[in-house]
Every structure is written in C-alpha cells, then in structure tokens.
Amino acid sequence: MSNSTRKKSETPEGVRLNKYIAQAGIASRRRADQLIAYGKVRINGKVVRELGTLVMPGDTVDVSGTPIKPVDETVYLVMHKPTGVMTTMRDPQGRRTIVELLPKKMPRVVPVGRLDYDTAGVLLMTNDGELANKLLHPRYGVDKTYRATISGRLTPEDVQALHDGVALKTYKAASAKVRVVSVRSGYSVVDITIHEGRNRQVRDMFEALGHPVQTLVRMRFGPISLGDLGVGRTRAVTPKELAALKRVGES
Ligand code: URA
C-alpha cells in the first residue's frame with residue numbers, strides 16, 4: 001500500500017504512526033507528531049508527513065534514520081528486585097543484573113525507573129515505552145512507598161522536616177508522607193512515600209536528618225504493591241493494576 005492511500009482509522013493490523021513511535025519509547029505521541037511534521041519519519045524509506053498515517057505489518061519505520069523496532073506484544077511485569085542486583089540490562093563490572101531474574105523467552109522489557117544496587121522491592125518492567133515514559137515523567141508524580149530501616153529514632157522535628165521538604169545538597173526534596181512503623185533500640189522502621197524519583201533520594205533525605213538508611217525496600221509503585229511476591233520473583237501485572245497505571249495522569 002502506498003503511504004498516501006493508508007486509511008486513517010486504526011484497524012487490528014494497522015497502528016497510527018505516532019502511537020507506533022511512542023510505544024517504542026522514542027517520544028510522546030505529541031512529540032512524534034512533531035517529528036512526523038518535520039519530515040523526520042520514514043515508512044519503508046519514504047518520508048511521511050501526514051499525521052494519522054497507519055503503520056501496517058511488515059512496514060519498516062525510521063526516525064532520523066534510526067530504525068524503530070515494532071512492539072508486537074506488550075508485556076508488563078512486576079519484579080521483587082533483590083539487593084545486590086543492578087537495575088540495568090548489562091553491567092560492565094560484571095555484577096548481577098535484573099536480566100538474570102527475568103523469565104526466559106520473552107520480549108525485551110526495560111525497567112520503569114531504577115532501584116539502587118542495595119535497594120530491594122517493586123520494580124515494574126515493560127516494553128510499552130509510552131507508558132514507561134509517562135510513569136517516569138515528573139508531571140505525573142507517581143507515589144512510591146519505601147520501608148526504610150534507619151539509625152536512631154525520628155524526632156517530631158524530623159517528621160516535620162520530611163513533610164516540609166528536606167534540603168539536600170543540590171535540591172530541596174518535595175513533601176514526603178511518613179509513618180513510623182516501629183522503634184527499636186538504636187534503629188527504627190519507617191514507611192515513607194515520595195512522588196519524585198531522584199537518584200538515592202530516600203537515602204539522602206534520611207542521611208540529611210542524621211538517620212542513615214540501613215535497609216530500603218520499595219513496597220509500592222503507584223497502584224502496584226509488593227504483596228507476598230518472593231525476593232527475586234516476577235509476576236504479571238494484573239489487568240486491574242494495568243488499568244490503574246494507564247489512568248495515571250487522568251484527572
Ligand atoms: N531512593 C533511594 O534512596 N534509593 C532507591 O533505590 C530508591 C529511592
């Protein structure tokens with residue numbers, strides 16, 4: 001089919017070009033439309049400028065000359081990442097990575113955000129680049145709850161500081177919700193919910209208050225809870241969880 005005769009309404013076979021690009025994680029649909037209008041996108045080697053053009057099975061698409069791999073089947077997994085594992089697909093230093101914990105023979109998925117090497121807990125993995133980009137976008141501020149074992153005990157002033165936003169070296173953290181789960185001799189267990197996702201943010205926040213983190217587990221990522229998923233195990237995201245993830249950002 002020539003590019004000019006492609007139907008505009010999506011069919012089971014055809015996918016709108018902007019969606020196809022977004023699903024591959026290259027750009028949001030709106031940005032994809034801009035790329036199309038700027039003449040950066042080609043189907044089967046021919047520049048396509050018409051918004052709403054359909055990509056049909058067997059078509060090849062490239063953006064600025066870089067081929068886009070089609071996403072045939074979207075996959076959504078939850079992993080209980082263990083400590084001592086990198087949230088990357090490869091580690092040049094040869095440390096363990098999440099790849100070895102993934103089921104064999106499945107489409108390539110990527111983690112939605114990162115957990116530190118020493119942090120365990122909920123890690124969402126998908127090949128739906130569009131959803132991944134949305135969930136990571138600061139605008140949507142997906143809530144993440146962590147259970148932290150920290151040194152010492154939080155004072156009322158510490159709790160207030162976490163609520164007001166702790167000043168860190170290079171930025172001020174946004175307001176966090178805190179719940180003290182237990183206080184023991186020399187350490188406390190605290191649940192903390194943040195909606196930002198900066199590098200080592202929870203560790204830095206407690207460190208700044210003089211309560212270094214001893215262990216950290218992400219209990220929840222948006223609508224997805226760790227539940228009783230075993231360490232190192234993965235499970236499929238449930239339809240209900242997926243629907244809730246897709247609703248993120250809708251008012
Ligand atoms: N905050 C941290 O400090 N580490 C993580 O892995 C996630 C959030």
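Predicted model: local features only at pLDDT ≥ 70, side-chain atom pairs only at ≥ 80, totals over all residues.
**Entry 1: Ser182**

I count a contact when heavy atoms lie within 4.5 Å. Leaving aside neighbours within four places in sequence, I found Ser182 in contact with Ser188 and Val189. Ser182 sits in strand S11, residues 177–183. Is Ser182 buried or exposed? Its relative accessibility is 17%, and the cut-off for buried is under 20%, so Ser182 counts as buried.

**Entry 2: the whole chain**

I then stepped back to the overall numbers. I noted six helices and 15 strands in the protein. The C-alpha trace spans about 75 × 40 × 35 Å along its principal axes. Of the 251 residues, 44% count as buried. The protein exposes about 13800 Å², and carbon and sulfur atoms supply 51% of that area. Residues 24 or more positions apart account for 63% of them.

**Entry 3: domains**

I read off the domain assignment next. Domain 1 covers 3–68. Domain 2 is made of 76–139 + 224–250. Domain 3 runs over 144–221. How far apart are the centres of domain 2 and domain 3? Taken over C-alpha atoms, 22 Å separate them. For the contacts between these two domains, I found 14 residues of domain 2 touching 10 residues of domain 3.

**Entry 4: nonpolar cores**

I looked for the largest nonpolar core and found 30 residues in it. Met125, Leu162, Ile192, Met205 and Phe206 touch the most other members. Which elements give two or more residues to this core? I listed strands S7 (76–81), S9 (119–126), S10 (144–151), S12 (187–194) and S13 (213–221), plus helix H5 (201–208). Where does the core lie? Domain 2 and domain 3 both give residues to it, so the core lies between them. A second, separate core holds 17 residues, including Val122, Phe221, Leu226 and Leu245. As background, nonpolar side chains tend to be buried together in soluble globular proteins.

Residues up to four places away in sequence were not counted. Ile192 touches Lys144, Thr145, Tyr146, Leu162, Ala176, Lys177, Val202, Met205 and Phe206. Among these, Leu162, Met205 and Phe206 are also on the list of residues that touch the most other core members.

**Entry 5: the ligand**

I turned to the ligand and listed the residues around it. They are Leu115, Asp116, Thr119, Tyr146, Arg200, Gln201, Val202, Arg203 and Leu216. Which element gives the most to this shell? Helix H5 does, with three residues.

I checked polar distances to ligand oxygen atoms. An N or O atom in the side chain of Thr119 is 3.0 Å from an oxygen atom of the ligand. For Arg203, a polar backbone atom is 3.0 Å from an oxygen atom of the ligand. How much of the ligand does the protein bury? Taken alone, the ligand exposes 230 Å², and the protein buries 96% of that.

**Entry 6: Glu241**

Glu241 lies in helix H6, residues 239–247. Its relative accessibility is 12%, so Glu241 counts as buried. I looked for a polar partner. A polar atom of the Glu241 side chain lies 2.9 Å from the backbone nitrogen of Thr238. Not counting residues up to four places away in sequence, Glu241 touches Pro223, Ile224, Ser225, Arg235 and Ala236.

**Entry 7: positive phi**

Ser64 has a positive phi of about 50°. Where is Ser64 found? Ser64 is in the loop between strand S5 (61–63) and strand S6 (66–68). At 52% relative accessibility, Ser64 counts as exposed.

Lys105 is not a glycine and has a positive phi of about 55°. I placed Lys105 in the loop between S7 and strand S8 (110–111). Is Lys105 buried or exposed? Lys105 is exposed, because its relative accessible area is 87% and the cut-off for exposed is over 50%.

Note on methods: Residues numbered from 1 in each chain as written. Heavy atoms only, no water. Core = buried A, V, L, I, M, F, W, Y, C linked by side-chain atoms within 4.5 Å. Buried < 20%, exposed > 50% of the residue type's maximum accessible area, 1.4 Å probe, protein only. Helix = DSSP H or I, 4+ residues; strand = E, 2+ residues; numbered from the N terminus. Domains from an automatic or database assignment. Near = heavy atom within 4 Å. Polar contact = N/O pair within 3.5 Å; in protein donor to acceptor, adjacent residues only side chain to side chain. Areas by Shrake-Rupley, 256 points an atom, 1.4 Å probe, with all protein chains shown as cover.
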